[in-house]
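Let's take a walk through this structure together.

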Amino acid sequence: MAEPLTEELLEELLDAPRIDAFIEGHEFDALSLADYLQQLLKEKGLTRAGVVRMANLNETFGYQIFTGARNPSRNKVLQIAFAMALSLRETNRALRAAGVSSLNPHSRRDAVIIFCLDRSCSLQKVNEELFRFGEETVC
C-alpha cells in the first residue's frame, strides 16, 4: 500500500473529529534508517555490498550506515537512494528515518534531484545535472 502524500495526510489530520482516531488509524515512521534500508534490500533483491559500491561510499562507512553504527548526512542518504533506485516516497522516508530534511520541490537543487529520481537516473547522471545547474553535487 502506497503511503499517502503529506498534503493528503495533513488534510485527513485536520478533518479528524478526534486526534485519537487519527493516531490509531495510521502507522508512523518508527523504523530506523538501518532497519528501513535492510527492508529495502530484501524487497529489491539487492546486496549491501553492491549498494555501497554503486553509491560510491567508503566500504567501512557504508557498512556502518547499514548497521546503524553511523548517522549519514543527507547527501549520503541520497547516494544510497540513487544506488538502490528508490522512488521519491522511498527516498523521503529514508531521509526522515535519517533525521534529515525530505526533498522539497521549492528548492532548485532538490527539484533536480526529484526529477532524476523520478526518471531512475544514475548517481552519475544526477551529479551531472546538478553541476550543469550550478548546484552542489550529491557526491
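First, some ground rules. This is a predicted model, where local features need pLDDT of at least 70 and side-chain atom pairs count only at pLDDT 80 or more, while totals for chains, interfaces and linings use all residues. Residues are numbered from 1 along each chain as its sequence is written, and side-chain values use heavy atoms, with hydrogens and water left out.

Start with helix H8, residues 108-118, and helix H9, residues 123-132. Helices here are DSSP runs (H or I, at least four residues), numbered from the N terminus. The two pack at an angle of about 150°, and their axes are 10 Å apart. Those axes are lines fitted to C-alpha atoms over the stretch in contact, and angles run from 0 to 180 degrees between N-to-C directions. H8 and H9 are therefore roughly antiparallel, a label for angles over 145 degrees. Their crossing is right-handed, meaning that the near helix is turned clockwise from the far one by less than a right angle.

Who does the touching? On the H8 side, the contact is made by Arg109, Val112, Ile113 and Cys116, and on the H9 side by Val126, Glu129 and Leu130. Contact means heavy atoms within 4.5 Å. Sorted by type, the residues of this contact are five nonpolar, two charged and no polar. In this sorting, Ala, Val, Leu, Ile, Met, Phe, Trp, Tyr, Cys and Pro are nonpolar, Asp, Glu, Lys and Arg are charged, and the others, Gly among them, are polar.

Now stay with H9. Its buried residues are Leu123, Val126, Asn127, Glu129 and Leu130; buried means under 20% relative accessible area and exposed over 50%, with partly exposed in between (1.4 Å probe, protein chains only). Seen down the axis of H9, the buried residues fall within an arc of 160°, so they line one face of the helix. That arc is taken from the directions from the helix axis to the C-beta atoms. Their cover includes helix H4 (48-54), helix H6 (74-83) and H8. On the other side of H9, Gln124, Phe131 and Arg132 are exposed.

Next, look at the loops. Serine 120, in the loop between H8 and H9, has a positive phi of about 55° although it is not a glycine. Serine 120 is exposed, with a relative accessible area of 60%.

Finally, find asparagine 92 in helix H7, residues 88-97. At 12% relative accessibility, asparagine 92 counts as buried.

Methods. Parallel < 35°, antiparallel > 145°, perpendicular 65-115°, else oblique.
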